[in-house]
Each structure stands twice: as C-alpha cells, then as structure tokens.
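Have the 3D view open as you read.

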Amino acid sequence: MTTVTTASRRQGRGGRERILAAAAGLFAAQGINATGMEQIAERAPVSKRTLYAHFRTKDELVLAHLKDLASTGYTLEGALARQDIPPRERILALFDPLPAGTDPVRGCPFIDAAVEFPDPQNAVHSYARARKLLVVRMVADLVTELGCREPSVLAEQLVTLADGAASRAMVLGDPNYGRHARTAAEILLDNALPTTI
C-alpha cells in the first residue's frame with residue numbers, strides 16, 4: 001500500500017508545469033479562446049480534477065500562462081533587459097526575426113491575450129496592459145540613457161512600431177517582418193539624438 005501511495009504522488013508531481021506547458025503550446029497553435037480546458041488536460045496529461053485543482057477557471061490559467069511567459073525572458077522585456085549589449089541594440093532587438101521554426105507566427109502574446117479578453121477590467125487584460133506599459137517604460141529608460149530628445153514620445157513611437165511589426169508578422173505569417181520596422185526605428189533613433197556641432 002505504501003508503494004502505491006508513493007508511486008501515485010510521484011506521478012502527480014509537476015502537474016502545474018505540465019499544464020502550463022500544454023497551455024502554452026495550444027494557445028500558440030490555435031489561440032486562447034479556441035483552446036478548451038479538456039484539451040489542455042489531455043495534452044498535459046492530467047485529469048480534469050487536477051487541472052481545476054491548480055486553476056479554478058480558464059482565466060486563472062491564462063493569467064498564470066502570461067506570468068510564466070513573462071518570467072522566461074523570451075519576451076520584449078527580456079530583450080530590453082539584456083546587459084550584454086548596448087542600449088541602442090537592445091531597442092533594435094525588438095525587431096529581430098523570430099527563432100527559426102517558429103510556427104505558426106503568433107505576434108505578441110500579450111496583445112493576443114488582450115484581444116481575446118477585451119474587457120479592460122478582466123485580470124488577463126489588465127496584466128497584458130501592465131506588460132505593455134512596462135515595455136514603454138523600459139524603452140524610455142534606454143532612449144534617455146542614449147541622450148535622445150523627448151524620450152517618452154520616442155519610446156511610444158518605438159513600441160508602436162514593435163507591436164505593429166509583431167501583429168503584421170502574425171497576419172502575414174512572416175517571422176522576419178520586423179526588418180521593415182527596424183529600419184524605421186533606426187531613423188527615429190538617429191533623428192532623436194542631439195546634434196553635435
């Protein structure tokens with residue numbers, strides 16, 4: 001009897017991580033609203049009881065998924081926080097091509113989540129908004145460090161370019177679409193630098 005109990009416990013470990021990994025894959029492949037909780041449980045694999053023990057609602061799961069994603073460093077914030085490259089290159093990294101084999105091209109997961117949870121009072125939408133505002137603050141800090149004029153305005157322009165490029169990359173299925181926005185970002189940065197006489 002002790003052996004069975006130990007085996008059962010061992011088999012149940014990591015359920016939360018498996019659920020989050022399954023959700024991430026399914027959300028990327030088919031979108032949040034098109035993915036059912038039963039599908040996630042099957043992919044994890046966990047029982048529905050285990051799934052709902054970890055996440056009482058789909059909203060809770062989506063929010064946990066976004067927080068997990070934010071913690072990985074594989075987001076726009078991750079590129080901006082790097083210390084191994086200069087500030088200008090960190091900003092331009094917002095427009096880097098997606099990793100090879102990224103299929104389908106999904107754009108920004110925070111924008112995707114905000115679109116699928118349009119109520120601004122919803123916790124998912126609020127979290128997505130907070131992440132997007134964080135990116136603007138990070139870019140503003142970097143352009144300030146570069147000595148650019150009007151850092152808040154420039155940060156909004158650069159982030160708008162990055163979000164637009166991510167959205168167009170998704171719609172067009174082009175993982176390298178950011179190259180167009182990168183050129184515009186370079187011009188914006190050059191024009192915002194103080195002129196020296």
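Predicted model: local features only at pLDDT ≥ 70, side-chain atom pairs only at ≥ 80, totals over all residues.

Across the whole structure, a search turns up ten salt bridges. Side chains of opposite charge can pair when their charged atoms come close.

- Arg 182 pairs with Asp 96 in a salt bridge, and their closest N and O atoms are 3.5 Å apart.
- Arg 182 sits in helix α11 (residues 178–192), while Asp 96 is in the loop between α7 (87–92) and α8 (109–116), so this pair ties together parts that are 86 residues apart in sequence.
- Arg 182 is partly exposed, with a relative accessible area of 23%, and Asp 96 is partly exposed too, at 41%.

**Two other salt bridges to find**

- Asp 163 and Lys 132 meet through their side chains in a salt bridge, at 2.7 Å from N to O.
- This pair links distant parts of the chain, with Asp 163 in helix α10 (residues 151–172) and Lys 132 in helix α9 (residues 123–146), 31 residues apart.
- Are these two buried or exposed? Asp 163 is buried at 16% relative accessible area, and Lys 132 is buried at 15%.
- Arg 82 and Asp 84 also form a salt bridge through their side chains, at 2.6 Å from N to O.
- Here Arg 82 is partly exposed, with 37% relative accessibility, whereas Asp 84 is exposed, with a relative accessible area of 56%.

**A lysine without a partner**

- Lys 58, found in helix α5, is buried yet has no salt bridge.
- Which side chain of opposite charge is nearest to Lys 58? That's Glu 116, 6.4 Å away, and a salt bridge needs the nitrogen and oxygen within 4 Å.
- Leaving aside neighbours within four places in sequence, Lys 58 is in contact with Phe 27, Ile 32, Asn 33, Thr 35 and Met 37.

**Where two helices cross**

- Helix α2 (residues 15–30) and helix α5 (residues 58–72) have axes that come within 10 Å and cross at roughly 90°.
- That makes α2 and α5 roughly perpendicular to each other.
- On the α2 side, the residues that meet α5 are Arg 16, Ile 19, Leu 20, Ala 23, Ala 24 and Phe 27.
- On the α5 side, you'll find Lys 58, Leu 61, Val 62, Ala 64, His 65 and Asp 68.
- Sorted by class, this contact has eight nonpolar, one polar and three charged residues.

Technical notes
Residues numbered from 1 in each chain as written. Heavy atoms only, no water. Axes fitted to C-alpha atoms, helices over the stretch in contact; angles between N-to-C directions. Helix = DSSP H or I, 4+ residues; strand = E, 2+ residues; numbered from the N terminus. Parallel < 35°, antiparallel > 145°, perpendicular 65-115°, else oblique. Contact = heavy atoms within 4.5 Å. Nonpolar A, V, L, I, M, F, W, Y, C, P; charged D, E, K, R; others polar. Buried < 20%, exposed > 50% of the residue type's maximum accessible area, 1.4 Å probe, protein only. Lys, Arg positive; Asp, Glu negative; His and termini not counted.
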